[in-house]
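Hi everyone, thanks for coming along. Let me put the structure up, and then I'll walk you through it.

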Amino acid sequence: MKLVKLLLIITMFCAVTLFGVEQALALEEFVPIDLEPHSNTKLVGHQWWTLNAGDNTYSLLPIGEIGEFEGPDKKVKFQIIDGGIVLFGTNAQRWPKAVNDIVVEGVAKSIYFFHATGWSHGGGPSYKFVMNYRGGKQETLEMTTGFNSHDWCHIEKNFQDKNSVWGWTANEKPACNKAGLITTKWENPHPNTEIVSIDAISLETGAVPIITSISLGEGSLDVHPVQKLSLTWGNLKQSFGQ
């Protein structure tokens, strides 16, 4: 019986693979990732780091729109919502130490992060992004003050990382009257493998991270059928003890 099932699976796999290889994966220049299900702060009418009522420089962002912002290699499109993901820092301890399973379910040559921190930390990384691939592989991007991250009120500072720039700055509203968000580009070492999700993790320093948007660069949420089948085939072989 086990052999019959295995032969049936092989037949289906071959048939769909022959059909799938004729299909080309259409990559888009930018694909916004939906952060709304994980948003835990507000940008309009609130202090994003406390959620207390008050003015907030980030309220000047194009809320509810896809905006075009500076990037390290070209203009980058980010979806801006009235919110974002804030992570724990010792200066604002109400926030979660990790926000896991930010759904991607797509492929990409790169990922662009739109982010900053409240306060800063000079002793090493203060937060990180973990990319979770289909099949269990992971890759990590660490965020370090002065290298690829900074306090949101330090828009005059440059970055050591050539893949990080101030993507947006404003000088018209409190708090701090000048503030910004950083665009960081991460080159994906596995551009043909599906990224299932991203985890945003605090490293529990004084810096309080905020992530307002994430976009895939040259990506697609439609994963090539051959890739999906090959991953499924690997799991099936294991289940049949092959």
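First, some housekeeping. This is a predicted model, where local features need pLDDT of at least 70, side-chain atom pairs count only at pLDDT 80 or more, and totals for chains, interfaces and linings use all residues. Residues are numbered from 1 along each chain as its sequence is written, and side-chain values use heavy atoms, with hydrogens and water left out.

So, the layout. The chain has two helices and 11 strands; these are DSSP runs numbered from the N terminus, with helices being H or I of at least four residues and strands E of at least two. From the N terminus on, the order reads α-β-β-β-β-β-β-β-β-β-β-β-α. Of the 242 residues, 46% count as buried, and buried here means under 20% relative accessible area, with exposed over 50% and partly exposed in between, using a 1.4 Å probe and protein chains only. Take the contacts (heavy atoms within 4.5 Å) with a separation of 6 or more: residues 24 or more positions apart account for 72% of them.

On to the inside. Which residues have the most contacts inside the largest nonpolar core? That core has 28 residues, and the answer is Trp48, Tyr58, Leu61, Phe114 and Trp152. By nonpolar core I mean a set of buried Ala, Val, Leu, Ile, Met, Phe, Trp, Tyr and Cys residues joined through side-chain atoms within 4.5 Å. Strand 3 (76–79), strand 5 (98–118), strand 8, strand 9 (179–187) and strand 11 (208–220) each supply at least two of its residues. Look at leucine 61: leaving aside neighbours within four places in sequence, it is in contact with Leu43, Phe69, Ile80, Phe114, Trp168 and Leu181. There is also a second, separate core of 24 residues, which includes Ala108, Phe113, Tyr133 and Ile214.

Now the rings. Searching the whole structure gives 13 aromatic pairs. Rings of Phe, Tyr and Trp (its six-membered ring) pair if their centres lie within 6.5 Å; planes under 30 degrees apart are stacked, over 60 edge-to-face, and the rest tilted. Tryptophan 48 and tryptophan 49 are an edge-to-face pair, 5.7 Å centre to centre with 80 degrees between the planes, and both are buried. Tyrosine 58 and tryptophan 152 are edge-to-face too, at 4.9 Å and 65 degrees. Tyrosine 58 sits in the loop between strand 1 (28–32) and strand 2 (66–69), and tryptophan 152 in the loop between strand 7 (138–144) and strand 8 (164–170), so this pair ties together parts 94 residues apart in sequence. Ring pairs link Trp48, Trp49, Tyr58, Trp152 and Trp168 into a cluster.

Finally, the two polar residues. Threonine 145 lies in the loop between strand 7 and strand 8 and is buried, with a relative accessible area of 17%. A polar atom of the threonine 145 side chain lies 3.1 Å from the backbone oxygen of histidine 121. Asparagine 132, in strand 6 (residues 125–133), is buried as well, at 12%. What does the side chain of asparagine 132 make a polar contact with? The partner is the side chain of aspartate 199, at 3.1 Å; a polar contact is a pair of N or O atoms within 3.5 Å, and within protein one must be able to donate a hydrogen and the other to accept it, while residues adjacent in sequence count only if both atoms are side-chain atoms.
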